Amino acid sequence: MFSRWSLIRQLRGEDGRRDAARSARTDALRPRTERADTVARSVCPYCAVGCGQLVYVKDGRVSQIEGDPDSPISRGRLCPKGSASKQLVTHPGRQTHVLYRRPHGTEWEPLDLDTAMEMITDRVLRTRRETWQQTDEGKVVRRTMGIAGMGGATLDNEENYLMKKLYTALGAIQVENQARI
Amino acid sequence: MAECHPVGFQWVMEAKARGAKVFHVDPRFTRTSAMADAYLPIRAGSDIVLLGALINHVLGNGLDFREYVLAYTNAATLVSEDFQDTEELDGLFSGFDPETRTYDPASWSYDEDGGPEPDERREGGRRHAEAAGADRYGSGGAAAPSRPRTDPTLSDPRCVYQILKRHFARYTPELVERMCGIREADFAELAEAITANSGRERTTAWVYSVGWTQHTVGAQYIRTASILQLLLGNMGRPGGGIMALRGHASIQGSTDIPTLFNILPGYLSMPHAHRHEGLDDYLEHEGGETGFWGNRRAYLVSLLKAWWGEAATEANDFCFDYLPRMTGDHGHYTTVMNQIDGTVKGYFVVGENPAVGSSGGRAQRFGLANLDWLVVRDLTLVETATFWRDGPELETGELRTEDIATEVFFLPAASHVEKEGTFTNTQRLLQWREKALDPPGDCRSDLWFYYHLGKRIRQRLTEDEIDRPLRELTWDYPEEGERAEPLATAVLREIGGVGPDGRALSAYTQLRPDGSTRCGCWIYCGVYADEVNQAARRRPGREQTPVAPEWGWAWPANRRILYNRASADPEGRPWSERKAFVWWDEDRREWTGLDVPDFETGKPPDYLPPEGAKAQDALAGTDPFIMQSDGKGWLYAPLGLADGPMPAHYEPHESPVRNPLYRQQANPARRIYRRPDSPYNPPESPRFPYVLTTYRLTEHHTAGAMSRPLAYLAELQPELFCEVSPQLAAEVGLVNGGWATIVTSRSLIEARVLVTGRVRPLRVQDRVIHQVGLPYHWGWGSGGLVTGDVANDLLPIVLDPNVYIQESKAMTCHVRPGRRPRGQALLDLMEEYRYG
């Protein structure tokens, strides 16, 4: 059994850069990608090249993110950010719960999602009514200048679409995006 | 490109391996420079001199691709006798009003028998300065006449070709050396290479990024490159073009389906209260009748039908009046000023971090501190959400947590793998992402948030008239799973459009002006053709042609190169076998080729429009630029720009040198905020003698919220640094690895010093100009494993007048050795610099 030890084989003069570097343990190792329960075809969220990503999930957690060799854009490659993107979705600094800071408050407070949604709905409706502007210099404008929005450019098209649709129906016109910047 | 779009850069390296010559023009030597055949260091903010000199080289030596230029551009078009150039008016074009600092573009127009169009029909100039009007030309050109007077011999002094020639005559290699710091020999090598590599057999491409757009003359930088590429016949052809490398996964999509104040989906303008009375009036004012933009009624009515469904009828102008009206500039920076002034009460910040990511960070944070309520949605606690407890203004004593009345809601967001949807990449390609798993805890997609917010709002509406647009809004997307996630496929299908039978449409040419079709974004029409999510197509690249038409879906109509009719000669034959891409098949009487033709398939090259023809019927079979009202590539823009029909070199708003070309120092129409929250460094100020430019690093992303919390990336680039040359380090007393304080009139920040030959001092106007390079990825929070001062705090709020993008690539600064002071001492030093 000891004779199988990689170290012993190397001491006996076998080449440590070849088979003698292998052990039973290394032979049993399999890539995380092989053991994944599912794999999703995705796209890198950083720059706009649009490299293909394969997102591997094991036991309800992302176990690996790799470049998609099928992509004619990236041919399986990812840059340092794309390669690190598993950490983007799993790092411990991610916030996973709603937080609330009351006016003049000095600390965050927990808040449940449903309550937060209801409170935000209140604020939107109240501010909209208080700042409603029906006309400007005699012309109908039908808007609120009291509510503004600023969106990032990693939002999906579908998300941007619902945002613009809802803001417009609300009469909120100061709607902007990273694309301006 | 190798730094910020590394995987895209593999294709540059492929081209180089096949013999392409690669030039890199940048203030800073980067990984791209290291791989290029030639590296040309340039003074930040002087690119129009370089590009203008290349144009002058082409025109002065008759090196343009004459057949292409005559057939496909407006080179032969005659311009009004009233037009006066910057060369005559010392840096101004005719029509400038110094009171309002805006142009009236009347005199720029084409020479017409009927004289210029009446005032209220004109586009560009002041209108654009009022509401960033040029954005809507993202797909539709301004309304120039489709058949203006021309001189095909190009000899009339009033034809565009001759005007250009005169305009750029002073942009010489000598001027390039004097203004850009690029040696004449290096310029000659570049000029020789791009002209030798253009024509029938060869094409040249330009690649740019925000190094060209983030200037007070940003739109004109791109115009200069467009003129050069049109003259050389490099547009609409394989291997040609001017490629914008955009910096965010779906920043192209965010413009196509905009969350922008001045446009609706598909670059339709938001209506303006004082310009548009109703639907007909709006349509009449928003572009020409000819070219594909002439179908805009169909595009807009289909959008209104998608939003208001059955409620939108012919009788009520399809609910056109439900759209809120603009009255001017409602852009990002004006909104911040309105926050400071107290008129904006509530603010949604979604996947964005203006407290550290926008110019003038201090103004951004004072704006946030003056809101009633703020909703922030992100993956981490970004600085925009936490400014009230740890922002820099607490340390200086300018703000106190207890005094800040802003109510803050932080809602955690789902990541890109925890939701499905499409990104639109930098080449207009929509790619669908499958969902890998559910988001953790309270994390939700932004689709979920806005859908459910809308649903809750709609449950609490009144019978009041102001609620009618919300009551009648189509807002009934199917929900899925225990989180009641709205189906993104249903939203994408609405964007892609449906016909009278309720079936998904195949192309925007099917859209109708009568309300029988619905389409949320006309340029995306067909993304759900045949009831198939076309953006989800994944035929492997190796099983397809290099065009890869079956991977994702590109707007419009899955065309991969825009205006590709220009890849064939006027008769419809490829310019050369080597560059064949799209051509006319005489036997089958249709356009065909390697890509989807960006042209009506059955329109023959010899088609001539009948008198009075509208929309695409008014364009000839030789007019490739089908969105333009005359079908031509514009070397000269008679309409549609706020700051002139041609580019002229202006110095950045903050520059250490005088403009030698004109008395006019900077863009006369640039947007300035003259108020205490927006101070500027005076031009040529000895207090701010150095050029400052900002940029990204390979290992970080934007203001850092998506990279500083990641262990690998934080370790690779742990600390904010500034790049300075050994000469500047010696002049100021900076030590490699030590600290420097960088100062502008906005703020001062500290950074580690990197003394490097990568930033070279340049000889400009017979003196040495030093440049300071600064990456902008740091802030104090965002869950960052590494933190640092905010580079954007240094930046001025001064904007391009066409698109309201800030000048963050060229400004002035001072550099001092050592760390910055803290508390009140910091404010004292800032005052000292501000007032001298």
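Visitor: Which residue in strand 2 of chain A does Ser42(A) stand opposite?

Guide: In this predicted model, Ser42(A) faces Gln53(A) of strand 2 of chain A.

Visitor: Why are strand 1 and strand 3 of chain A said to stand at the edges?

Guide: The open sheet consists of 3 strands in the order 1-2-3, with antiparallel pairing. Strand 1 (38-43) and strand 3 (61-67) of chain A each have a single partner strand, so one side of each lacks a neighbour in the sheet. Between neighbouring strands of this sheet, the average turn is 25°, direction ignored.

Visitor: What makes strand 4 of chain A and strand 11 of chain B a pair?

Guide: Strand 4 (residues 99-101) of chain A and strand 11 (residues 407-412) of chain B share 3 bridges in the antiparallel sense. Tyr100(A) stands opposite Phe409(B) in strand 11 of chain B.

Visitor: How many residues of chain A and of chain B are in contact, and what does the term require?

Guide: A contact requires C-beta atoms within 7 Å. In this sense, 98 residues of chain A are in contact with 126 residues of chain B. Helix 7 (residues 157-170) of chain A provides the largest share of chain A's side, 13 residues. That side comprises 48 nonpolar, 29 polar and 21 charged residues.

Methods:
Residues are numbered from 1 along each chain as its sequence is written. Chains are lettered from A and ligands numbered from 1 in the order in which they are written. This is a predicted model: local features need pLDDT of at least 70, side-chain atom pairs count only at pLDDT 80 or more; totals for chains, interfaces and linings use all residues. Two residues are in contact if their C-beta atoms, placed from the backbone, lie within 7 Å. Helices (H or I, at least four residues) and strands (E, at least two) are DSSP runs, numbered from the N terminus. Ala, Val, Leu, Ile, Met, Phe, Trp, Tyr, Cys and Pro count as nonpolar, Asp, Glu, Lys and Arg as charged, and the others, Gly among them, as polar. Two strands pair if DSSP finds at least two bridges between them. Axes are lines fitted to C-alpha atoms, for helices over the stretch in contact, and angles run from 0 to 180 degrees between N-to-C directions.
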